[in-house]
Amino acid sequence: QAKARGRARYSFFVPEMDLEMQTKRELEEDLRRAVVNNEFEMVYQPVIDTCDGKISSFEALLRWSHPSKGIILPGDFISTAEDMGLIVPIGEWALREACSKASAWPTNIGISVNLSPVQFRSGEKLVRSVANALAVSGIDPKRLEFEVTEGVLLDETLETLTILQELRNLGVRFALDDFGTGYSSLSYLRSFPFHRIKIDQSFIRDIDVQPEALSIVRAVTDLGTNLGMSITAEGIETAEQLKHVQIEGCSHAQGYYVGMPMDAKNASRVLEKAFSVHGREAA
Ligand code: C2E
Ligand code: MG
Ligand code: MG
Ligand code: MG
């Protein structure tokens, strides 16, 4: 009788579970094909120096150009790509592509690339692919910054710290991304020398309406600055927010108000324009 009931219950849930599993299986199949056909693209979002308003770097952001569904954002496929291990080849491609594009930019413009915790688990493979991307593009390692979230340091294993250190020995830099949204952020600042903190956009969104958000931005900026780090405020969408983070002493700003993510062609164009204006000024 229990078995019958169990079966009845099971069949009751079947259609829904089937749909969910089918959708997931489709996504997995699509992703496998996307890696083979290289359906990915990178867009580049400018980051400015808050002192002079000039572009100091671009953050490379992944896009999936799906043949029938159009552009898919990372939020809709990265975690599945991580589960499947496909983030390793996708991430390698993203890194090579970003470094190659940056090699055509003025040498004082940096390039940031996001790294998934899963890429760290591939260990020495990651170190080799970074060394390779640097060698092939020929960019100065100091221009390359990796953005990691606290997830990377969650299991503060010796292996993770060793990989981080080996990457640092190549001369690249590290930023702690989405700062303030995870756990025990402060201890991570002590266990590894980050070059930059990126304050999560949720704090910036509320900066002129919620005193608590402003206090947190202020405290994090002071802390990071005292530790010798650069501070990027993420998600700047208004002139008021930009003003606020300038006053609070954030060294850099990024967000739709500062500049939208754009393709490599437009990034180069924006840089050319900025430099010709600068050239006229200097002349
Ligand atoms: P993230 O590294 O924190 O990147 C910032 C995200 O905020 C980007 O979303 C960007 O388009 C968005 N953004 C920028 N300015 C604003 C703003 O003013 N307002 C709002 N509401 N959003 C803004 P995107 O491109 O969808 O990427 C989402 C996340 O996916 C990234 O967060 C990053 O964690 C991950 N990701 C992106 N590219 C890669 C990649 O190549 N590899 C890996 N492993 N992860 C990636
Ligand atoms: Mg990032
Ligand atoms: Mg972020
Ligand atoms: Mg984020």
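Predicted model: local features only at pLDDT ≥ 70, side-chain atom pairs only at ≥ 80, totals over all residues.
Strand β2 contributes the most, with four residues. In total, 20 residues surround the ligand. The closest are Arg63, Asn114, Asp177, Glu237 and Tyr256. Seven of its residues are nonpolar, six are polar and seven are charged.

Polar contacts to oxygen atoms of the ligand involve several side chains. For Arg63, a polar side-chain atom lies 2.8 Å from an oxygen atom of ligand 1. For Asp177, the corresponding distance from a polar side-chain atom to a ligand oxygen is 2.9 Å. In the side chain of Glu234, an N or O atom is 3.3 Å from an oxygen atom of ligand 1. Taken alone, the ligand exposes 800 Å², and the protein buries 82% of that area.

Aromatic pairing was examined next. The count comes to eight aromatic pairs. One of them is formed by Phe174 and Phe192, with ring centres 5.4 Å apart. The planes of these two rings meet at 85°, so the pair is edge-to-face; the class requires an angle over 60 degrees. Phe174 belongs to strand β6. Phe192 sits in the loop between α7 (185-191) and β7 (196-199). The pair therefore ties together parts that are 18 residues apart in sequence.

Conventions. Residues numbered from 1 in each chain as written. Chains lettered and ligands numbered in written order. Heavy atoms only, no water. Near = heavy atom within 4 Å. Polar contact = N/O pair within 3.5 Å; in protein donor to acceptor, adjacent residues only side chain to side chain. Areas by Shrake-Rupley, 256 points an atom, 1.4 Å probe, with all protein chains shown as cover. Helix = DSSP H or I, 4+ residues; strand = E, 2+ residues; numbered from the N terminus. Nonpolar A, V, L, I, M, F, W, Y, C, P; charged D, E, K, R; others polar. Phe/Tyr/Trp six-rings, centres within 6.5 Å; stacked < 30°, edge-to-face > 60°.
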